[in-house]
Amino acid sequence: MYSNYLKIAFRNLTKNKVYSFINIMGLAAGMAVATLIGLWIHDELNFNKSFANYDKIGQVQMFQTFNDVRGPQTAIPLPLGKELKKYDDFTEVSMASWNFEHIIGVGDNMFTKNGMYVEPNFTKMLSLQMSYGAQNGLSDVNVIMLSETLAKSLFGNSDPIGKIVKFDNKTDLSVTGVFKDFSQNSEFNDVSMFVPWSYYLASEEWIQRSEQLWDNNSWQCFVQLNANTDYQQTNKKIKDIVLNNIPKDMITLQPEVFIHPMHKWRMYSGVKDGKYEGGIITFVWLFGIIGVFVLLLACINFMNLSTARSENRAKEVGIRKSIGSIKSQLIYQFLSESILTVSISFFVSILMVLLSISWFNDLANKQIVMPYNNGGYWLVSLGFVILTGLVAGSYPALYLSSFDPVRVLKGTFKAGRFASLPRKILVVMQFTVSVTLIIGTIIVYKQIIFAKDREVGYDRNGLLYVIINTPNLQSADYETLRNDLINTGMVEELSKSSGPVTNVWSNTTQYYWEGKEPNSKPLFSNIATSLNYGKTVGFEFVKGRDFSSEFKSDSLALVINEAAAEVIGFKDPVGKYLTSDNNDNQQMQIIGVVKNMVMESPFTPVRPAIFFLDPGWAGVFNIKLKS
């Protein structure tokens with residue numbers, strides 16, 4: 001009997017090809033969009049869950065108040081890590097650098113990859129899965145641990161343990177371990193190597209000098225809590241560690257130490273009222289709602305088409321009833337057709353997802369795959385197919401099966417006043433959801449266009465930067481290099497700076513001026529440059545002038561942006577003086593004010609920035625190509 005229902009259902013689909021195509025493809029498109037969104041949400045909700053100690057790993061951070069705004073920061077002082085090791089709340093405490101670019105190679109086989117300096121227990125904390133060697137491979141100084149992909153790039157498929165690599169083109173390091181690549185949906189997915197913290201200390205004297213400095217926030221610290229410890233209790237114990245150790249003039253910053261749990265790193269990265277609130281979780285909810293709306297639109301469209309066509313089959317119902325069909329058989333027949341149509345749409349939607357998932361991964365920066373081996377996915381899909389088929393087919397099934405066969409066959413049957421009411425309600429819902437999604441899309445599009453076209457305050461065309469992270473670049477004669485590049489005829493200008501124009505690597509509160517509020521501690525982006533930096537990036541001056549070799553006094557000169565001028569408060573800041581703790585309390589004269597430069601996210605306000613001459617501090621070459 002049921003096979004007969006399916007035969008008739010299939011014949012009806014093939015008989016009305018245009019109707020069937022529109023109905024199937026419309027529902028399939030909605031299901032495909034909902035599936036892609038669902039896979040993205042699943043990937044986000046499982047971010048960082050590849051780590052065995054996911055629930056107990058956290059990052060040490062601080063709340064501080066800058067420019068009357070309180071918020072969190074990930075950079076912490078070096079002695080804080082040593083202090084935290086005294087607490088029984090933690091099984092592991094590890095200092096770490098940022099994930100910097102490094103040059104690594106064997107012979108002429110050289111690569112630029114990201115890596116971190118970490119203490120030996122960091123690899124245990126992350127429960128690295130080892131391909132070669134052991135997790136404790138960072139106990140010596142001149143050693144390194146490589147990711148599986150990087151190890152294969154350097155050594156092929158041979159065992160790399162004990163082999164030598166050249167690190168940053170200056171030091172030979174011995175490979176002590178190879179770990180499996182981090183999952184794409186993890187915080188450390190682009191880390192390709194770990195180098196011992198002891199090597200970091202030995203190679204950088206300024207870090208050794210910072211071991212007792214509580215006011216130099218330049219590092220990261222990660223911890224693993226004991227099994228019987230929770231974050232709230234620990235945060236109460238450690239919150240005043242920095243406050244009790246910083247210089248008195250920095251107490252107004254009110255630093256408060258806390259542990260930010262790994263399970264909140266991704267989802268709760270937004271800041272509101274000085275606390276973590278919202279973030280990616282907002283987009284998870286938003287896209288989830290959009291997915292439901294898109295699927296609802298497809299289902300409503302499917303139900304409308306099914307209902308609109310149902311009255312054309314009134315004569316079929318009359319004939320079948322007249323030859324003995326009972327109401328329940330007719331209901332089963334229409335429901336079978338509906339479920340068959342939804343099933344075909346589901347398999348078409350899978351095909352659509354497979355064809356588009358590569359493009360979607362590029363767009364979302366993901367490595368999402370179809371969960372073929374996930375029984376839960378197929379169970380939910382089966383439930384959805386059955387539910388949608390029953391809901392979409394229920395109205396035409398109940399409505400048509402109630403027709404009087406005599407009136408239908410005589411041609412005297414007329415639908416009641418309210419027969420079309422359900423379809424009208426569905427159409428209104430469909431248009432409401434459609435208009436809402438269209439308005440939302442326009443708003444998001446306008447916001448993206450605003451950020452894309454926002455005036456950046458400098459000339460991006462032909463501007464390149466190269467990080468100075470090898471001895472041959474560090475020791476290169478700058479003027480010779482600059483002249484050689486300009487003489488190629490392809491380079492218009494070269495300069496050095498402490499960071500790229502697209503980021504800020506250093507911030508400070510150590511600037512003072514006449515009339516400054518004693519308890520005020522505004523945060524300034526601190527950018528060291530060489531001469532010609534303004535010419536390289538295209539400074540747009542509002543007042544004053546750029547640094548010049550014609551003025552020897554420019555070694556103690558400053559160029560500030562409009563945001564900094566507003567914070568300082570001088571009506572005409574050119575010619576006024578600032579004093580900096582970072583420059584032995586010498587007075588430094590402001591010689592120019594430039595337009596605000598968007599050096600970070602285009603969706604956030606520009607920070608107050610101060611530029612000064614100190615090419616020895618520079619970490620980046622800025623190259624301006626000719627047009």
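Reader: Is valine 118 buried or exposed?

Author: A residue counts as buried when its relative accessible area is under 20%. In this predicted model, valine 118 has a relative accessible area of 0%, and is therefore buried. Valine 118 belongs to strand β6, which covers residues 109-118.

Reader: Which residues does valine 118 touch, leaving aside those up to four places away in sequence?

Author: A contact requires heavy atoms within 4.5 Å. By that reading, valine 118 touches Ser94, Met95 and Ala96, then Leu138, and also Phe194, Val195, Pro196 and Trp197.

Reader: Where does glutamine 184 lie, and how accessible is it?

Author: Glutamine 184 is in the loop between β10 (171-179) and β11 (193-196). Its relative accessibility is 24%, so glutamine 184 counts as partly exposed, the class between the buried limit of 20% and the exposed limit of 50%. Beyond residues up to four places away in sequence, glutamine 184 touches Asn189, Asn365, Lys366 and Gln367.

Reader: Asparagine 365 is among those contacts. What is its phi angle, and where is asparagine 365 found?

Author: Most residues other than glycine have a negative phi. Asparagine 365 has a positive phi, near 55°. It is found in the loop between α12 (327-364) and α13 (375-401). With a relative accessibility of 58%, asparagine 365 counts as exposed. Serine 127 also has a positive phi, near 45°, and is found in the loop between α4 (122-125) and β7 (130-133).

Reader: Why does aspartate 554 count as buried?

Author: The relative accessibility of aspartate 554 is 1%, and it therefore counts as buried. Aspartate 554 is placed in the loop between β21 (541-544) and β22 (557-561).

Reader: What does the side chain of aspartate 554 reach?

Author: A polar contact is a pair of N or O atoms within 3.5 Å. Here the side chain of aspartate 554 reaches the backbone nitrogen of serine 548 at 2.8 Å. Not counting residues up to four places away in sequence, the residues that aspartate 554 touches are Arg545, Asp546, Phe547, Ser548, Ile591 and Leu613.

Reader: How many helices and strands are in the protein?

Author: The protein contains 19 helices and 26 strands. Its radius of gyration is 33 Å, well over the 25 Å that the globule rule gives for 627 residues, so the protein is more spread out than a compact globule. The C-alpha trace spans about 105 × 60 × 55 Å along its principal axes.

Reader: What share of the residues counts as buried, and what share of the contacts joins residues at least 24 apart?

Author: Of the 627 residues, 46% count as buried. Among contacts between residues at least 6 apart in sequence, 75% join residues at least 24 apart.

Note on methods. Residues are numbered from 1 along each chain as its sequence is written. This is a predicted model: local features need pLDDT of at least 70, side-chain atom pairs count only at pLDDT 80 or more; totals for chains, interfaces and linings use all residues. Side-chain values use heavy atoms; hydrogens and water are left out. Helices (H or I, at least four residues) and strands (E, at least two) are DSSP runs, numbered from the N terminus. The radius of gyration is taken over C-alpha atoms; the globule rule is 2.2 Å times the number of residues to the power 0.38. Buried means under 20% relative accessible area, exposed over 50%, partly exposed in between (1.4 Å probe, protein chains only). A polar contact is a pair of N or O atoms within 3.5 Å; within protein, one must be able to donate a hydrogen and the other to accept it, and residues adjacent in sequence count only if both atoms are side-chain atoms.
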